[in-house]
Every structure is written in structure tokens, then in C-alpha cells.
Amino acid sequence: MGEIVLSGIRATGKLHLGNFLGAVQNFVRFQNSGEHRCFYFVADQHTLTEPYDPEDLRQYLLEMVKDYLALGLDPERSTLYVQSSVPEITELTLYLGMLQPVGELLNIPTYKELVRKHPDNVNHGLLTYPVLMAADILGPKATLVPVGSDQVPNVELARDLAKRFNNRFGHTFVVPEMMRQMVKVPGLDGGKMGKSDADNAIEIKMPIPEIRQRYRTKGITDKERTTMDKPGDPYNRCMSVYPVHELVTPGETDTREIAKACMAAEIGCVACKERLVDSLAAMLEPFQARRVELAGKDDYVREVLHEGGKAARVIIAETVAEVRDKMGIVLY
Ligand code: ADP
Ligand code: TRP
């Protein structure tokens, strides 16, 4: 039997290359293999844990689902839904929370980072973020969770909760796995590309000339390669260009063409950036054309989410009924 694949993305802004290469590209591959049952959702409740604007949330959510659809997710083959359409996920969060030591939550790196970032917004939802995420994952009894490498601690916590639940109440959950290879896509400055740092990100909807301009002016390469005749070190010193070539340029994973040319000082950073944007254009143009077609189709998107929500709810409600029963909760 295939895997039960599940993943979600928060509705915090527009999808960028990191989200695509780190997450959604894999969602599409799993779906298209035809071997797996796939659940993909928008984590709208997770979005509430950080400062946000309600109108933006409503808008971003629909925009993100359009991105999902244009990137190849197909409601006939994957269940596409919004987290809040399945209230049983919230209920499961409460039950799983009873098995979750608070000390571990305080040690999650993303929590610590957000405490530093918004010291006056350390809310309860932020602390229990990974428990809600565990409920997302365990609700449909997912066996495989494709995410970028930044999400590893959160998925580890979901794995621990599954084990703890099984030990305490009898076998209920399969312990979900992550992918063997996970990527971290650098933004223009070489740090992790993220939605909250618009200056560092390449949105996948961005017109190609703008992407070209951004790489030309902001992409950071090998700082020690001050002239073109000096050999570069694409693997260790190139901050934001070569690592993306590896993910999008044909030849870079098997023959390493550009890396070799850089090490032999046969290609300069300017030409290397141009080639990167050519590769990105080949990848993004078909998506951008489909995305334009979906622009005015909010009603269609709402319908997809309504149907997906109903389908996900049936499955998750079954798990939650089993959990209630095992934990001794009776609905009168
Ligand atoms: P962001 O970090 O931009 O706010 P999310 O936290 O909603 O985005 O992440 C959605 C998915 O995209 C997750 O699976 C996450 O691991 C992945 N992801 C986000 N940024 C990157 C990146 N720079 N490289 C690889 N994967 C990423
Ligand atoms: N925390 C994830 C992120 O920021 C989004 C997410 C929420 C998620 N629930 C999930 C990812 C369940 C995978 C599975 O990217």
C-alpha cells in the first residue's frame, strides 16, 4: 500500500521559491505518482499565532490555494482543505496536549526564535503550535510528511506524541516519517528564504524580468571571488546562487556542469546568475500562465475547499472518535 502523505502551509503571504522547492514540488510528485493518498491543507489557525491582519488572512488563503492548483495539485487526486474546516483537529489538539510536556515545547527552536522576535506576543497558541501541528498530522493518520528541513523539530514532536499515545492507550497511530532528503532554499542574502522577509524572497508569481533584476542586484555569490579569473567555491562559499542551481538547473545534480566551470574560473558570477534565472524561467513560466487563468476564480476555489473540507472531516472525525473512546471520553 502507498503512503498517507500530508502537509500544510501557513497562509502568511505569497508562496516563494523556498516553499515550492522545499515543499509543494514534493506534494505534486507524491500526488502524481498515483500510489499515495494525499492530504494538503492551509494551516490558517497556525497563522493566528503571530501578529496578522484578518483581511490579509482571508485574501492570502485563497491566493495560496490558487498557487497550489496552478503548481499542479489536483482536487480530484489530492484532498485540498483548510485546517479550520475540520473542527475535530482542534479537539484532537486538546487531547494530544494532555500527553505533551510543556518543557519540550519551550525548547523548540522556532518557538525560541519567535519569542525573541515578538517578546510582547508570546501567546499560548504559539507555545502549543507544534501540538496543533501534531493533530494535523495524526488526524488523517499520515505516514509521510513532506516539509522543508526547518520543520524537523515539529514533526519529531508529532512522532513522539504518536508513540506516547500508542504506549498509553494502545496502538492507534503509525509513527509518521519525513523525507530522506530535505532542502533549505537560501534567500537572496544567503539566509533561509522566508515569507516574512520580502526583500530576501523570490515569489513564484514574480515576473521573470523582476526575478532577473533581483538576482543581478541582490544575489550574493562567493565573496572571496573578487575577479572573474579567480576560481570560485560554489559548494561552500556561494551564498544564494549556486545552491539554487542545484535544485533547478538540469545537469547540476549529476554532472555538476556549472560548479565545475566556476571552480575552473570558466564562468563568472554574472553569467551564472543569468543561467540561474533562465532555469527558473523554464520552471516558473508554465505555472505563471496557469496562475493567471485562476486569478478571477474565487468561487471555484471556495468550492474546491468546501468539498475537500468535507472529505477530510469524515476521515479525521473517525480518528478523533477512536481517540475519545480510548481516552475515556463519552459524548452524551
Ligand atoms: P515560511 O517559512 O516562508 O513562512 P511556511 O513556514 O509556511 O513558510 O512553510 C511552508 C513549507 O515550506 C514548509 O514545509 C517549510 O519547511 C517550507 N519552506 C519554507 N521556506 C523554505 C526554504 N527556504 N527552503 C525549503 N523549504 C522551505
Ligand atoms: N508549521 C508548518 C510551517 O510553518 C505548517 C504546518 C502546519 C504543517 N501543520 C502542518 C506542515 C502539518 C506539515 C504538517 O511550515
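Predicted model: local features only at pLDDT ≥ 70, side-chain atom pairs only at ≥ 80, totals over all residues.
How far is a polar side-chain atom of Asp136 from a nitrogen atom of ligand 2? I looked it up and got 2.7 Å.

**Ligand 2**

I stayed with ligand 2 for a bit. There are 14 residues around it, and the ones that come nearest are Arg10, Tyr129, Met133, Asp136 and Gln151. I checked Tyr129 next: an N or O atom in its side chain sits 2.6 Å from a nitrogen atom of ligand 2. For Arg10, I found a polar side-chain atom 3.2 Å from an oxygen atom of the ligand.

**Ala312**

Then I went looking for Ala312 and found it in helix 14, which covers residues 298-327. Is Ala312 buried or exposed? Its relative accessible area is 0%, so Ala312 is buried. I skipped its neighbours within four places in sequence and asked what else it touches: Ala312 is in contact with Thr79, Tyr81 and Val86. Thr172 and Ala312 are 140 residues apart in sequence, and their C-alpha atoms are 18 Å apart in space.

**Helix 14 and helix 3**

From helix 3, the contact uses Leu61, Leu62, Val65, Lys66 and Leu69. Helix 14 brings Asp298, Tyr300, Val301, Arg302 and Leu305. I sorted the residues of this contact by class and got seven nonpolar, three charged and no polar ones.

How values were computed:
Residues numbered from 1 in each chain as written. Chains lettered and ligands numbered in written order. Heavy atoms only, no water. Helix = DSSP H or I, 4+ residues; strand = E, 2+ residues; numbered from the N terminus. Buried < 20%, exposed > 50% of the residue type's maximum accessible area, 1.4 Å probe, protein only. Contact = heavy atoms within 4.5 Å. Nonpolar A, V, L, I, M, F, W, Y, C, P; charged D, E, K, R; others polar. Near = heavy atom within 4 Å. Polar contact = N/O pair within 3.5 Å; in protein donor to acceptor, adjacent residues only side chain to side chain.
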